[in-house]
Amino acid sequence: MLIPGFLITLVTFPGVIVHEFAHALFCRMLGLNIYEVKYFQFSLGRGVPAGYVVHEISPEPWRDVMAGIGPFFVNTFLAAVIGFPAAIPTFKFGTPDLLDLFLLWIAISIGMHAFPSTGDAASISQSIKTAPLWTKLVGYPIVGLIWIVTIGRFFWLDALYGIGVVCLLPNLIVWIAS
Amino acid sequence: MVPPVVGAPARVPLDRIPMPPYVIVLLAVTLLCFVAGLAKIPGSMSSAIRFEHGSKNLAKGDVNGVDDMEAVFTKLDDPSVDIKLRMAEAYVTAHRPQQAAKIINKMSGEKLDKDEMARAKAVAEAVGVVTD
């Protein structure tokens with residue numbers, strides 16, 4: 001099903017804002033100077049990012065790598081915690097209330113935007129060019145993964161990931177724990 | 001050696017990049033949802049685990065498993081057809097046909113798919129309820 005990207009971005013805007021916030025948070029934690037932050041912008045144009053963080057290139061490239069992949073950890077964790085208690089009554093028992101549905105929307109939106117973007121991949125590539133070997137060994141596979149995920153977005157991989165974290169993970173935990 | 005402080009001379013203080021009000025509101029809502037999620041996790045997790053634990057015990061031949069399922073089921077407000085059928089099937093397995101019949105009778109008028117209809121009929125036949 002072909003749904004325009006701007007529509008998905010609009011519907012899942014909490015995820016975009018949390019994604020950019022996670023970049024900014026990691027930059028602050030890692031001591032990287034932030035020059036500009038756009039938490040959310042709406043555009044019908046192609047190739048215009050829904051948000052971005054411009055930060056300094058660190059002389060220690062691993063900091064740039066961490067700042068680039070920060071949203072993956074923050075968004076996944078938030079999506080799992082927010083979505084877990086809403087997924088059980090909704091998908092297991094079929095008894096959701098309005099709060100559950102609201103929590104599910106927030107959680108899936110956040111989970112969908114966990115993956116770093118191609119802009120993040122480009123930023124990581126740039127900073128690990130002159131990095132020590134061990135940083136390259138870690139950094140380039142991450143860049144490769146980001147590109148694979150970008151291709152996967154055509155097949156709704158980001159949505160599947162968000163839904164998986166929010167809907168499948170709780171059922172898996174319950175199945176294992178019971 | 002002490003590592004150099006990254007970007008220290010040109011550091012822009014955090015308050016020089018203020019968050020727009022809509023971002024503050026959204027992050028506050030997200031934080032509230034996070035707290036609500038944390039508060040709700042124990043209750044929803046324990047009920048789901050108890051229901052599944054009872055179901056697994058029942059499958060292993062422990063008829064007391066139905067008590068765990070029942071404890072959760074009675075607290076649910078109009079659960080899904082699948083959960084109703086699982087509860088009814090559990091009652092049949094635990095030799096409590098009256099409770100199974102009660103659930104099947106309450107389900108009259110509900111829309112069931114082919115598989116659910118077959119399961120409902122199997123329960124009804126096991127407890128002697130006439131279904132349509």
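Colleague: What does the secondary structure of chain B come to?

Modeller: Chain B has five helices and zero strands; helices (H or I, at least four residues) and strands (E, at least two) are DSSP runs, numbered from the N terminus. The order of the elements in chain B, from the N terminus on, is α-α-α-α-α. This is a predicted model, in which local features need pLDDT of at least 70, side-chain atom pairs count only at pLDDT 80 or more, and totals for chains, interfaces and linings use all residues. Residues are numbered from 1 along each chain as its sequence is written, while chains are lettered from A and ligands numbered from 1 in the order in which they are written.

Colleague: Why is S46(B) called partly exposed?

Modeller: A residue is buried if 20 or more other C-beta atoms lie within 10 Å of its own, exposed if 12 or fewer, and partly exposed in between, with C-beta atoms placed from the backbone. S46(B) has 15 other C-beta atoms within 10 Å and is therefore partly exposed. This residue is found in helix α1 of chain B. In sequence, S46(B) and V72(B) are 26 residues apart, yet their C-alpha atoms are 9.5 Å apart in space.

Colleague: What makes D78(B) exposed?

Modeller: D78(B) has 10 other C-beta atoms within 10 Å, so it counts as exposed. Its place is in the loop between α2 and α3 of chain B. D78(B) also has a positive phi, about 50°, although it is not a glycine.

Colleague: Where is W156(A), and why is it called partly exposed?

Modeller: W156(A) lies in the loop between α6 and α7 of chain A. With 15 other C-beta atoms within 10 Å, W156(A) is partly exposed. Its phi is near 65°, a positive value in a residue other than glycine.

Colleague: How do you know that Q99(B) is partly exposed?

Modeller: Around Q99(B) there are 18 other C-beta atoms within 10 Å, which means that it is partly exposed. Q99(B) belongs to helix α4 (residues 97-106) of chain B. From Q99(B) to M87(B) the distance is 9.1 Å, C-alpha to C-alpha, with the two twelve residues apart in sequence.

Colleague: How do you know that the buried residues of α2(B) line one face of the helix?

Modeller: Helix α2 (residues 65-73) of chain B has G65(B), V66(B), D68(B), M69(B), V72(B) and F73(B) buried. Seen down the axis, they fall within an arc of 160°, so they line one face of α2(B); the arc is that of the directions from the helix axis to the C-beta atoms. The cover over the buried residues of α2(B) includes α1 and α3 (81-93) of chain B.

Colleague: Which residues of α5(A) are buried, and what puts them on the same side of the helix?

Modeller: In helix α5 (residues 118-128) of chain A, the buried residues are D120(A), A121(A), S123(A), I124(A), S127(A) and I128(A). Their arc around the axis is only 165°, which puts them on the same side of α5(A). Among the elements covering the buried residues of α5(A) are α3 and α6 (133-152) of chain A.

Colleague: Why are α2(A) and α1(B) called roughly perpendicular?

Modeller: Angles under 35 degrees count as roughly parallel, over 145 as roughly antiparallel, 65 to 115 as roughly perpendicular and the rest as oblique. α2(A) and helix α1 (residues 21-59) of chain B pack at an angle of about 95°, with their axes 10 Å apart. The two helices are therefore roughly perpendicular to each other. The contact joins P14(A), I17(A), V18(A) and F21(A) of α2(A) with V23(B), L26(B), L27(B) and T30(B) of α1(B).

Colleague: How many residues of each chain are in contact with the other?

Modeller: Two residues are in contact if their C-beta atoms, placed from the backbone, lie within 7 Å. On that basis, 33 residues of chain A are in contact with 33 residues of chain B. The most on the side of chain A that touches chain B, nine residues, comes from α3(A).

Colleague: Which residues have the most contacts inside the largest nonpolar core?

Modeller: A nonpolar core is a set of buried Ala, Val, Leu, Ile, Met, Phe, Trp, Tyr and Cys residues joined through C-beta atoms within 7 Å. The largest has 73 residues, and those with the most contacts inside it are A79(A), I82(A), A107(A), V166(A), A88(B) and V123(B). α3(A) gives the largest share of this core, 13 residues.

Technical notes:
Axes fitted to C-alpha atoms, helices over the stretch in contact; angles between N-to-C directions.
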